[in-house]
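Student: Could you take me through the salt bridges of this model, looking closely at one pair and then at the others around the chain?

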Amino acid sequence: MSKPVDYIVQPGGKLTGRIRVPGDKSISHRSVMLGALAEGTTRVTGLLEGEDVLSTLGAFRSMGVRAEGPDHGKLVIHGVGLRGLKAPKQALDMGNSGTAMRLMAGILAGQAFDSELVGDASLSKRPMKRVSDPLGAMGAAVATAAVGRPPLRIAGGRKLHEIDYQMPVASAQVKSCLLFAGLYAEGETSVTEPAPTRDHTERMLRGFGYAVKTAGARVSLQGGGRLKACDIDVPADISSATFFLVGASIAPGSDIVLEHVGVNPTRIGVINILKLMGANLELLNPREAGGEPVADIRVRAANLRGIRIPEDQVPLAIDEFPALFVAAACAQGETVLTGAHELRVKESDRIAVMAQGLKHLGIAARETPDGIVIQGGRLQGGEIDSHGDHRIAMSFAMAALRAAGPITVRDCKNVDTSFPGFIELAARAGLLIRHN
């Protein structure tokens with residue numbers, strides 16, 4: 001067993017300067033997957049070298065895909081084509097990554113060989129029937145453990161057919177899983193979303209030369225095509241940038257620029273919500289990189305106010321809510337979140353864990369079935385259990401910027417899954433942080 005990692009963060013400090021957070025995790029996963037399934041050589045720059053993405057890369061290497069790197073964000077993938085993967089000799093370990101497991105299930109459902117997807121203790125508790133059921137409706141054979149949890153055992157050699165799937169819950173992972181399975185299916189696979197979710201898969205499929213149709217909330221593609229290798233420039237991850245957006249907003253004297261951040265319209269819920277709370281945010285030098293909109297984001301300290309978070313913004317900020325809860329704790333007045341039941345089935349029950357942590361730091365926080373009510377107040381110091389959830393760990397680290405005393409955050413090892421080098425970058429920006 002490796003030694004547990006705890007963060008010790010002193011109160012005060014401010015965030016200043018110019019920084020670039022690591023590459024977008026969602027786009028990095030998809031770069032590896034589609035690069036492996038394409039014909040030709042795909043060159044990726046800006047790749048996130050976190051443990052989650054490395055798990056995805058390792059899975060494809062074990063299925064016969066050659067790749068050089070990653071080295072400082074650069075990765076060269078020699079694609080084998082949609083039908084070129086080889087049977088792995090053992091189960092594919094997805095580590096902590098729900099994205100990797102759910103998207104890989106769609107790809108593996110179309111293979112000629114049997115496969116098994118496993119994960120760590122946290123991932124092994126996450127729901128997988130949301131992908132196994134619709135894949136089964138396409139003709140795949142996907143078996144789960146008890147109550148629809150991992151591991152997933154996928155039988156090869158099944159003939160997949162078209163599906164017109166109405167998603168009960170807005171989920172980019174489910175949408176992407178079914179679109180990937182649709183690459184191997186006869187006929188047209190279509191998915192209709194109840195609310196918009198991130199569209200990286202659709203954008204990237206088009207970048208690899210695959211026709212994808214979008215009509216309102218419906219996305220569709222025809223099976224039987226080919227993917228052609230291309231170059232990908234991965235923007236900085238807005239989910240990782242969020243900790244600094246919130247930290248600079250709540251810490252007096254802060255003025256920081258986050259460089260080359262992905263500002264895909266399906267991912268900017270956090271920017272929209274912070275602006276509604278009165279944050280001082282500016283998007284500078286907007287441009288496009290690899291089919292994705294990017295910008296530099298300048299954020300300065302501001303007096304935040306509590307709001308009722310619009311439900312149409314919830315799917316656009318689903319990964320950013322732990323940090324937004326810290327912003328709400330430092331805001332004047334009450335913040336109310338509804339329509340966010342999905343937060344209960346992330347790496348942890350993020351509603352319960354954040355409410356517990358905020359209350360421990362002296363903030364009035366009340367859980368509701370699908371959200372939370374937070375009354376802004378004065379953060380105290382204390383000890384927080386992150387429950388192994390990387391986003392909760394980083395959110396409470398930033399909370400120390402406005403706390404009355406030091407905050408110790410326990411069980412932070414999983415931060416490396418999404419944000420390698422977080423402590424070093426945060427310290428350089430002005431957070432008074434160290435680890436044990």
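Tutor: E116 and R153 form a salt bridge, with their closest N and O atoms 3.4 Å apart; the term stands for a side-chain nitrogen of Lys or Arg within 4 Å of a carboxyl oxygen of Asp or Glu. This pair links distant parts of the chain, since E116 lies in strand β7 (residues 115-118) and R153 in strand β9 (residues 152-155), 37 residues apart; strands here are DSSP runs of E with at least two residues, numbered from the N terminus. The model is predicted, so local features need pLDDT of at least 70 and side-chain atom pairs count only at pLDDT 80 or more, while totals for chains, interfaces and linings use all residues. Residues are numbered from 1 along each chain as its sequence is written, and side-chain values use heavy atoms, with hydrogens and water left out.

E116 has 25% relative accessibility and counts as partly exposed, and R153, at 43%, is partly exposed as well; buried means under 20% relative accessible area, exposed over 50%, and partly exposed in between, with a 1.4 Å probe and protein chains only.

A second salt bridge joins the side chains of E188 and R218 at 3.4 Å, N to O, and it too links distant parts of the chain, with E188 in strand β11 (residues 188-192) and R218 in strand β13 (residues 218-222), 30 residues apart. In a further pair, R287 and D296 meet at 3.2 Å, N to O, where R287 is partly exposed at 28% relative accessibility, whereas D296 is buried at 9%. A search of the whole structure finds 30 salt bridges.

Key. Helix = DSSP H or I, 4+ residues; strand = E, 2+ residues; numbered from the N terminus.
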